[in-house]
Amino acid sequence: MMNQIESDLVFLARIKMHTVKVPLIHRTMADPELDFTTGESGASATIPMQCSALRKNGYVVLKGRPCKIVEMSTSKTGKHGHAKVNMVGIDIFTNKKYEDMCPSTHNMDVPHIKRNEFQLLNINDGFMSLMADNGDVREDLRVPDSELGKEIEQRFAAQEDILVSVLSAMGEECAVAIKQMTGK
Amino acid sequence: MLLDSAAYSSIPDIAPPSMVSTEQRQHAEHTFLSFRKSKSPFAVCKHILETSKVDYVLFQAATAIMEAVVREWILLEKASIESLRTFLLTYVLQRPNLQKYVREQILLAVAVIVKRGSLDKSINCKGIFHEVSQLISSGNPTVQTLACSILTALISEFSSSSKTSNIGLNMEFHGSCKRIFQDDLCQIFVLTMEVLQEFSRRENLNAQMSSVFQRYLALANQAVFLMLMALTLGSLGRHYIAMFESTQNVMLKPTETWREALLDTRVMDLFFTVHRKIREDSDMAQDSLQCLAQLASMHGPIFPDESAQVSYLAHLVEGLLSMINGIEIEDSEAVGISNIISNLISTFPRAILTALPGELFTSFINCLTLLTCSFGRSAALEEVLDKDDMVYMEAYDKLLESWLTLVQDDEHFPRGCFVQPAIQVFNSYIQCHLAAPDGTRNLTANGVASHEEDEINELQEDDRELFSDQLASIGMLGRIAANHCIPLLTSLLEERVTRLHGQLQRTQQHLMNSSDPGSADRKVLDDLYEDIHWLILVSGYLLADDPQGETPLIPAEVMEYSINHSTEVDINTTLQILGSPGEKASSIPGCNRTDSVIRLLSAVLRTSEVESRATRASLTELLSPQMGKDIVWFLRRWAKTYLLVDEKLYGQISIPLSTAFGADTDGAQWIVGYLLEKVINNLSVWSSEPELANDTVELLVCLVEKRERANIVVQCENWWNLAKQFASRSPPLDLLSSSVQRTLMKALVLGGFAHMDSDTKLQYWTEVLHPLQQRFLNLINQENFPQICQEENVKREIVATLEALCGIAEATQIDNVSSLFSFLMDFLSSCIGLMEVYRNTPETVNLIIEVFVEVAHKQICYLGESKSMKLYEACLTLLQVYSKNNLGRKRADVAAEEDQYQDLLLIMELLTNLLSKEFIDFSDTDEVFRGQEPGSGATGRSVSAADVVLFGVNIILPLMSQDLLKFPSLCNQYYKLITFICEIFPEKIPQLPEELFKSLMYSLELGMTSMSSEVSQLCLEALSPLAEQCAKTQEKDTPLFMATRHFLKLVFDMLVLQKHNTEITVAAGEAFYTLVCLHQAEYQELVESLLATQRDAVVYQRLADAFNKLTASSTPPSMDRKQKVAFLKSLEEFVSSVGGLLCVK
């Protein structure tokens, strides 16, 4: 049994590795013409999970958006009713708040969340040139239109070496954090 | 000036906001304020009072007089004060139509004059009382009202410290006025009694008269009795008095001087008479009942001997009975009456109660029984109607509490005297909680059933907690009348379970024939569930006590009941009924000859069985999770008390109980197996019900946390299945919430320490813990782990492992710590690697820190030196990695602040846990030496707790902002931590980097001055060790030395100039003394500069004396324990003698 699970993991890992190598399919709002969204990308973007197994600080899809769960509580109708889960989530890309309630036996979609760190090499026409740990370079991500984006530009202009954390979920991507590079 | 002020003054009073500008209004206010401060305004004020028609101006004039009299007291002639007072009184008397607030203010001025005068004996209170009694005897209601207002003003001015006017005198003055007033109080009481007496004799009262009556009654209640208590408590500190004044229910403990006034039976009779007369008026009834409740709580030196107490009580009970009997109690009377009874029962000693004439006592108990049942029914009605103000519920609670007090030491009373009452109260409780036809639940007064489904959120307490007091009383009464109550509960429950079974079957049929699952009628089911819910709760409270502490014992009454009937019991049939929860109890031959205690458990097991079978028939949708909770709650409570009953703990043991549940019995084995099966079934079908799953897993923990029970558990095949299933992380167990999964892991680990032969044990661990380790290692050792670590499956596996580690740590006990520690230690080092890999993933980082927190929390106190060292090192590395990864990181996502807050809280918790080793240490001393080179001593340590903690503080401090300190939990944890550090490693403080040192000192100051009193106390506790550290090194002009000097000033101000509460005085005193030792010269300067500001020579002298006395016993102050204790004692005196002097109110 054990072996089977392990081989599952390895297998799954391989599949994912494969998808990573393919140019990322994404849907950055700033960049509509690069929208290659196809039906299949959504299929593996989430997995179903019973409501009761969700946790605060975890993630869930609310109204079709990937959200971080910031509040979770249960309630019931009548003393002998069954539990319902009430959730408040915040869209991890837009910061919009969503609420939802459903019977706790129901399944909800949990988005696959990835966080990757890249070294910032260049900024060209509003696009960042980012290098992954393995040396792969991508140039398809815009500098975010936010305070953080301004800071990225400033720091780059000041010739600082910085790492950019990129959050991706459900085919969407965004830079969410930066960090001074320390001599590794 | 007069016209001016009158003109302006009319502005706030009369002119609407639209007509006056803000400046005009401010100007008017300013005019009033300066008017009140003007010198000798008496003539002007008198003139205003006589001529002005504007109420607000009159009010201001009265205020001005009041303030000026006190301010200029020593300059005024006695005679002019007297004439001023007479003027004010006459003024009010002649103007019956004054606005109420103006009249009250003028009378307050009179009261303040009297009060100030009483201090230097320039005004004789007797004179005032004479005038007042003349006013009272005038027979004119208006005048009598005025007299009442005068008395009320006097009392509120003299009695309570919180209601005292702000007249710029120190607290000490207010205190001494209060003591002087004590004799006069008796006079007021007598006067009030006379008025009440007179009114109670009148046949018909008109509206005006009854309003006067009401005022006097209120006066009698609120003023006289409250004041009486304040005086009784007069010797206590200010703080306590304010506390007592805030509670209405203080027991009356008057001094001997009150004997004549209060023991007079006419006083009590008067209040009964008065109440009878006015009971329909809910406001007045409240006052008269409150008076009676006070009388019912009378105790102490006022009674010359026991017989006086007995006859007082007899008179009270007679009065009470004749008051209650023959009337229909008004809603507004319920709480008052229950207060009288509850005061009476809790105040008078058992010996006095039993000394009452037998018949009277019986009538009292009968009356109490009827009253309890009736209030219970009314309380149930209140619930149906969903009333906001639950007066009957409150009254019912009070009476049930009184029953508990009564029956708890029932050996003082005639044997069996409470059985019949207990049966009645018990029956009525059950009746109120069962649905029709057996009961009256949800029936309104006219018999209409109401059925509402409210939305209930998770914050609402479960009935078993919400009504725990009621249930405890009912359970206790049920034990008193076990003969009746246990069989009653059994038959009611058995009958309902049979009905539930039938109803579920019918519903299933219905569902099979109908396409719409929503069409099933839940009403019948819900009624049954609610019945069963209450029956199980009552049974649980009856059979066993709260299982929180150590092994709870079988209640003596229950044991006795089982023993008394054991001769009529057929043990085999009993066991048969117990062992066949799937069958109807009544269908088993000889079912009438069973042990009732076991039979009641069997009834709950039958409920459980119906539930389990319904889940197997896929009827889970129809079941009640609440009932599921009730069942496992009951079973846990029951198992802690009855399972493997230890005969050594009891003088006498029931044969049926020991045969069924004793150690090495088939019964015990069977029931453990049954409970285990229940747990497994619940965990798989109820994963979606977090509370039920939690109660279930707690039942499992209960089964394995005691070695004896665990030994049986691990022999069950089911247990092994559960362990394997959980280790495989497959459904349904992986659907459980994370907290339930943790507890389940804890239970599985605890079970592993049960008695097994070594092969079995090895096998067990191979199946439970080993897979966890293997899977984890296989995963993280994969070459491409850094690449796949963000994959969802990988993340889930990691999270599950971390959760399991927390659960394992939770299972730590003293006898398993060594094996669990080595197991967990391997993981901790890998976790640090994870921290690096997941540096971008806040939720994982958070969970990793939590694992460390749990391990430190549960294990550090048991670890010897070498093991502690390993843990310290691991924690230090963790913090270093955390710090490296977060330094210079800037996050812009929405959860950034919340994540950081949680990380900080956890890190502080971790550091506090590590420090706790210095306080609580159960480690085996042998181990300390074993792992160490001889002679290396403490210097051999590679890492000390101090290093880890200070490093951690270094990480935390720059991140702690004042905004973050607004989170109470974070704030408390933070201050707990820095206080610990100062106490444990004072020598490390001066070595801190400058910035860190500064922010630490600033934190202390902030905590001392502007946080909660708890935090302030913590900070004060941190000061002594710091000052001692300075004294030790003898170095002056170090930053720490300077800082302590600053703290001396802060603590000095705190102790001498500010109001503070008693808890803080002790902590402040200790800190103060060490600081004074360190900075004697600065202390002298502080004292002198304080004295220099005193202009009053008397005050100056007293302060100077007090300061001298304070340090007399410890000159020169030195850090000597004996001197310190002496100083603290004088400080207490100092605070009480001068504290009030400088604190102006």
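This is a predicted model: local features need pLDDT of at least 70, side-chain atom pairs count only at pLDDT 80 or more; totals for chains, interfaces and linings use all residues.
Of the 184 residues in chain A, 46% are buried. Among the contacts of chain A with a separation of 6 or more, 50% are accounted for by residues 24 or more positions apart. The accessible surface of chain A amounts to about 9,600 Å², with 54% of this area belonging to carbon and sulfur atoms.

In chain B, the secondary structure consists of 51 helices and two strands. Chain B comprises 1145 residues, of which 56% count as buried, and its accessible surface comes to about 48,800 Å², 51% of that area being contributed by carbon and sulfur atoms. When contacts in chain B between residues at least 6 apart in sequence are considered, 76% of them join residues at least 24 apart.

Over all chains, the structure holds 55 salt bridges, including pairs that cross between the two chains. One of these is formed by B:Glu898 and A:Lys56, whose closest N and O atoms are 3.4 Å apart; on the chain B side B:Glu898 belongs to helix H41 (residues 896-916), whereas A:Lys56 is found in the loop of chain A between strand S1 (46-50) and strand S2 (59-62).

Another pair between the chains is made by B:Glu843 and A:Arg115, with the closest N and O atoms lying 3.8 Å apart. This pair connects helix H39 (residues 842-859) of chain B, which holds B:Glu843, to strand S7 (residues 113-124) of chain A, which holds A:Arg115. The relative accessible area of A:Arg115 is 8%, so this residue is classed as buried, the cut-off for that class being under 20%.

Within chain B, B:Lys1124 forms a salt bridge with B:Glu1070, and the closest N and O atoms of this pair are 3.4 Å apart. Because B:Lys1124 lies in helix H51 (residues 1121-1142) and B:Glu1070 in helix H48 (residues 1062-1078), the pair ties together parts of chain B that are 54 residues apart in sequence. The two partners fall into separate accessibility classes, since B:Lys1124 counts as buried at 12% relative accessibility, while B:Glu1070 counts as partly exposed at 31%. Elsewhere in chain B, a network of salt bridges links B:Asp438, B:Arg441, B:Glu495, B:Arg496, B:Arg499, B:Lys523, B:Asp527 and B:Asp531.

The surface also carries a patch of negative charge, in which B:Glu383, B:Asp386, B:Asp388, B:Asp389, B:Glu394, B:Asp397, B:Glu401, B:Glu453, B:Asp454 and B:Asp469 gather. The element that gives the most to this negative patch is helix H19 (residues 391-408) of chain B, with three residues. One of the patch members, B:Asp454, is located in the loop of chain B between helix H20 (419-433) and strand S1 (455-457). The relative accessibility of B:Asp454 is 41%, and the residue therefore counts as partly exposed.

Notes. Residues are numbered from 1 along each chain as its sequence is written. Chains are lettered from A and ligands numbered from 1 in the order in which they are written. Side-chain values use heavy atoms; hydrogens and water are left out. Helices (H or I, at least four residues) and strands (E, at least two) are DSSP runs, numbered from the N terminus. Buried means under 20% relative accessible area, exposed over 50%, partly exposed in between (1.4 Å probe, protein chains only). Contact means heavy atoms within 4.5 Å. Accessible areas come from the Shrake-Rupley method with a 1.4 Å probe; for residues, only the protein chains shown count as cover. Patches are made of residues with over 30% relative accessible area and no salt bridge: like charges are joined within 9 Å, nonpolar side chains (Val, Leu, Ile, Met, Phe, Trp, Tyr) within 5 Å. A salt bridge is a side-chain nitrogen of Lys or Arg within 4 Å of a carboxyl oxygen of Asp or Glu. Lys and Arg count as positive and Asp and Glu as negative; His and the chain ends are not counted. The place of a charge is taken as NZ of Lys, CZ of Arg, CG of Asp or CD of Glu.
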